[in-house]
Amino acid sequence: MSKLCLTLTEKTLKDCNNILKTNIHEIDLIELRVDFLNSNEQKNIKYFNTNIPVILTFRKVVDGGLYEGEEKYRKEILLEGIKCGNFDFVDLEEDLIAPKLESAAKEHNVKIIRSFHDFNGVPQNLGKKLLKIRRNLDEIPKAAVMINNTKDLLVFYKEALSIKDDNKILLGMGTFGFNTRILAAKIGSYLTFCSKEGVSAAPGHVSPSILNGIYRFREIKKDWLLIGIIGNPVMHTMSPGLHNDGYSKLGLDAVYIPFETDDLQSFLELANLLELKGFSVTVPFKNDIIPLLDNVTNGVKEIGACNTVIKIDKMWVGENTDSLGFINPLLEKYGTLKEKKVTVIGAGGAAKSALYELKKEGAKVLLLNRTMSKAEELSKQFNTLFAKLDINSINKIKEFSDVVIQTTNVGMHPLENINPLDFFNFTGKEFLYDIIYTPKETLFLKSGVVNGCKTLNGWQMLLEQGYRQFKLFTGYEYPME
Ligand code: ATR
């Protein structure tokens, strides 16, 4: 298990203490960032007395901190901190030559964390470099490196897993590197850092309640089963909460982690390296992942979209749980769709799953899209009518208005102020289904509600496709209670 360290970036020691009090039950140690303190407070760190281990850090601007002053002053403050007995660790950068600090640390039993930062990317031979920066073997070497893309992430994990010694602190910064913080135990990092709610002291920091509440950070062990989700962007997804909650309720040693991705080939190599059991696939990779897999189900072939990948007998197999996730809530709330006239807005991946199931249920479908060529292509695949998403299609929509289904991202942030069907007036008889779940009621749904229409949003779809993935990944039914 790795430890969780809260980085304190307040201006006063009193505020640092208050933040510590609020978070104390969720963390193992804290890092006092002297460079964030007001200068008069910096001289008072000897009064910062806590009952939790503390790392003393006084970071210069070049290393990602705020301090721009004289090196002499910085060393004086660090020396005072080491001598005062309130600090268990001191962070000294790899290029800091300070024999006085080193001998004082030894004398006062303060462990040295020897750190380097690379805000450009993952350096060549990260593993070797990390072990070389120690000035003696008692020190804990630390590297924080920026992960700019999936290739960087792959190099990071290859290097991290090559170091067998767990006496190190290693993390990848940025959105692409967020998963390296969750997987601190997997890569044998002594700790990972986090920030108070709503603040990121460094790129990729989240709050202790996210790391513990969603990812069970302080329980994760090296041998836990890993399951991922890929997308771009991926950080907004609710899926980690859903899956990890299920693992927790069943007591499974498994964690579901987001991987912001920009290169599927590198991701698959990484998935093999980390021995992922499987991964969810979200926008924009539901189509592009298919040719890279060893096998896909007939459903995936017919729909042309894959949202679930599982490792079976060393092969990556693609499944689609979106389509049943889409149709079941609709059937439950609306009833049979046989011979019903249905309009579907959008011709992307989500529309494909919708069309596949609607045709299976015997509905008659009109497909509307902003770009006609895409509507035409999909209408051929699923044998539907199609029209342009504009005011000239009003009469056709009226004809196909038992159910009107919205499958685009229009209505969701940052397009929350747009209703893709704003030219159409509902009579109140139509049933509206929007697959968006944030906001709960899109402008499209609102425009129906004010006229008396019954509606359904995408929340139940999110859950249903997730429950099915859960079963595929773990072999267990989702614990509904
Ligand atoms: P997904 O896999 O989530 O369905 P996608 O394949 O990128 O994502 O498809 C997005 C859908 O939203 C498309 O139908 C797109 O219309 P175009 O084919 O014309 O691009 C639709 N869409 C996106 N932004 C839109 C907008 N501002 N107005 C109308 N439709 C929009």
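The second largest pocket holds about 270 Å³ of space. This is a predicted model, where local features need pLDDT of at least 70 and side-chain atom pairs count only at pLDDT 80 or more, while totals for chains, interfaces and linings use all residues. Residues are numbered from 1 along each chain as its sequence is written, and side-chain values use heavy atoms, with hydrogens and water left out.

What is a pocket here? On a 1 Å grid over the protein atoms alone, a pocket is an open set of points where a 1.4 Å probe fits, with protein on both sides within 12 Å along at least five of seven lines; lining residues have an atom within 4 Å of a point. Its volume is the space filled by probe spheres set on the points, which are joined across faces, edges and corners.

Among the residues lining the second largest pocket are Asp 88, Glu 102, Lys 106 and Asn 136. Helix H4 (99-107) and strand S5 (111-118) each give two or more residues to this lining, and H4 has the largest share, four residues. Helices (H or I, at least four residues) and strands (E, at least two) are DSSP runs, numbered from the N terminus.

Now for the largest pocket, with a volume of about 1500 Å³. Of its 50 lining residues, Val 283, Thr 407, Thr 408, Asn 409 and Met 412 lie nearest the centre. H17 provides the largest share of this lining, four residues.
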